[in-house]
Amino acid sequence: MRSAAVVLVLLLTACSGPAISTGASSTVTMEETVASDGADPEDTPSTTARVVEYTDGSSGIGDSLFPELGNGGYDVEHYALDLVFDGEALSGSAELTITATQPIRSFRLELTGLNVTGVTVDGLSASYDLADELTVYPSVPIDEGKTVTLDVKYHGIPRSVPNVAGRFPVGWHQSVDGWFALSEPAGADTWFPSNNHPLDKATLSLRITVPPGLEAVSSGSLLEVEATEQGTAYLWDSNEPIAPYLIALAIGVFDREESTSVGGVPIINYFDEDVGEAERRLFARQGEMLDFFAGIFGPYPFDEYGAIVLETTEVPAALETQTRSTFGTQILVLGEAVVAHELSHQWVGDSVSVADWGDIWLNEGFATYSDWLWLEHTQGNAALEKAVTEAYARLSGPGPGGFSSTQEGLAQSKEGFPPPGSPPADDLFNLSVYQRGGLTLHALRLHLGDEPFFGVLKDWATEHRYGNASTDDFLELVERSGDTRARSLVEEWIFAKDLPPIDELNLPPPE
Ligand SMILES: [Zn+2]
């Protein structure tokens, strides 16, 4: 993601390996009768009672920065949302296919600011409690490994919520003449119930009915448009796993523009009808970008791509919503770089997601370096070195050259930015995760040489395609290059307090 507050830049993370913990504060047990096989001399099956302990799924998935985000005890396989938006209120149902990862007697989902009118599990009415989260008590406890269908009926007037990671509110927003979701890191719960963490990705079908004359645009492929009594229903389908915060949703009046990259990826853009020609032209080279980044990271991971461009006045940001990045017009002051940035995130951030928000540099450092690679591709190596040198200068000095998302962040920049591998939770999208993250990759490239370095980038996107990965996973990959110094070089770049030198570029310059 990327945002501009002065000229603000931003975005996020992932790591790997489900670390779903259980909050076993209370338990229920059930005896299960198990026939033993064979060992009885009389050949009469004996029985032994095995006690299964059912616990409450935890209220967090185990994130190091945001322990309350996500939930434990289950994994979502699929979201099927069927919603009606009337221009103010949202109502409908969320049908989730979930698999228990432990024996559970209750589990939680994130849902904020909306009302629930009924919950069923496999068609049986379930009791529930809606406070800071939605807690579901199935009428029958769910065995580990069992897959069930959860249905939540809900309604309300969706609104944005304060951002746990600093900066502007997240979730459901209004554009100048429409509505949209911008959810990183945790705003998806303002419009549907979810396991709200990138560690739990799932496939999605979204059917949403909007008032006559309006369109609804989302992630994935548009399968169906149908006139209904309430307006027009749009059915969108994402058949690759998607993290809740990466689900695009925009409602308004759009000009749809369709093309195909030379490499064969369909590109379908949705421009708010008031977005001007100069702004639309920034998106003209997306086909070349898709093919260029496919050369870097491997084949484009999804069926189609495109941009949603909205007229905004309060949210100076863009987000790499999966298959269709979302841009507010305010962010377009950053030019073509922001278009390349969000597009590259489809590989690094969307297909390969962080498993922990503390690893956000894996998203933002990689997307920042992708901007620079596009610059090098289109304007030559000197343009890349200029971007690197400017980023180094920005990160080296005490403010006022530094910029960040919050006043605290500005204060922090006077003491130097935190290293990208240790971002503060309240200023997750600080400059360092972007630009020092990008410099980390350039320093690694200069150290390893182009061929091994680009091999690392391609392996990264290939080995963790559609999954989650961590900083440790990246360090292990770097170590596999066989270069004895490479791992410690990256560790210094992402964890050391002081900005390391780049000797090959004479940075920092001699006093
Ligand atoms: Zn980004």
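These are my notebook entries on a predicted model.

**Entry: the core**

I began with the nonpolar residues. In general, nonpolar side chains of soluble globular proteins tend to be buried together. Here the largest nonpolar core has 135 residues. I listed those with the most contacts inside it: Ala181, Ile247, Ala250, Ile308 and Leu362. Helix H4, residues 361-379, gives the most to this core, with nine residues.

Next I picked Ile247. Which residues is Ile247 in contact with, leaving aside neighbours within four places in sequence? I found Ala181, Ala188, Leu204, Ser218, Ser219, Ile242 and Thr321.

**Entry: a covered helix**

I turned to helix H3, residues 336-344. How many of the nine residues of H3 are buried? Seven are, and I noted the helix as mostly covered. The buried ones are Val338, Val339, Ala340, His341, Glu342, Leu343 and Ser344.

**Entry: the open sheet**

I traced a sheet of eight strands. It is open, and its order is E8-E7-E11-E5-E4-E15-E18-E17. The pairing is mixed. Which strands stand at the edges? They are E8 and E17 (221-228). Each has a single partner strand, so one side of each is left without a neighbour in the sheet.

Then I looked inside the sheet at one pair. Strand E5 (residues 90-100) and strand E11 (residues 147-156) pair in the antiparallel sense, over ten bridges.

I kept a rule in mind here. Most residues other than glycine have a negative phi, and most peptide bonds are trans. I searched for exceptions.

I noted two cis peptide bonds. One runs from Glu184 to Pro185, with omega near 0°. Pro185 sits in the loop between strand E14 (178-182) and strand E15 (202-210). Another cis bond runs from Leu507 to Pro508, also with omega near 0°. I placed Pro508 in the segment after helix H10 (486-495).

I also noted positive phi values. Asp122 is not a glycine, yet its phi is near 50°. Asp122 belongs to the loop between strand E7 (115-121) and strand E8 (124-125). Tyr466 is not a glycine either, and its phi is about 65°. Its loop lies between helix H8 (450-463) and strand E26 (468-469).

Are these two residues buried, exposed or in between? Asp122 has 15 other C-beta atoms within 10 Å, so I put it down as partly exposed. Tyr466 has 14 within 10 Å, so Tyr466 is partly exposed too.

How values were computed:
Residues numbered from 1 in each chain as written. Predicted model: local features only at pLDDT ≥ 70, side-chain atom pairs only at ≥ 80, totals over all residues. Core = buried A, V, L, I, M, F, W, Y, C linked by C-beta atoms within 7 Å. Buried ≥ 20, exposed ≤ 12 C-beta atoms within 10 Å, placed from the backbone. Helix = DSSP H or I, 4+ residues; strand = E, 2+ residues; numbered from the N terminus. Contact = placed C-beta atoms within 7 Å. Pairing = 2+ DSSP bridges.
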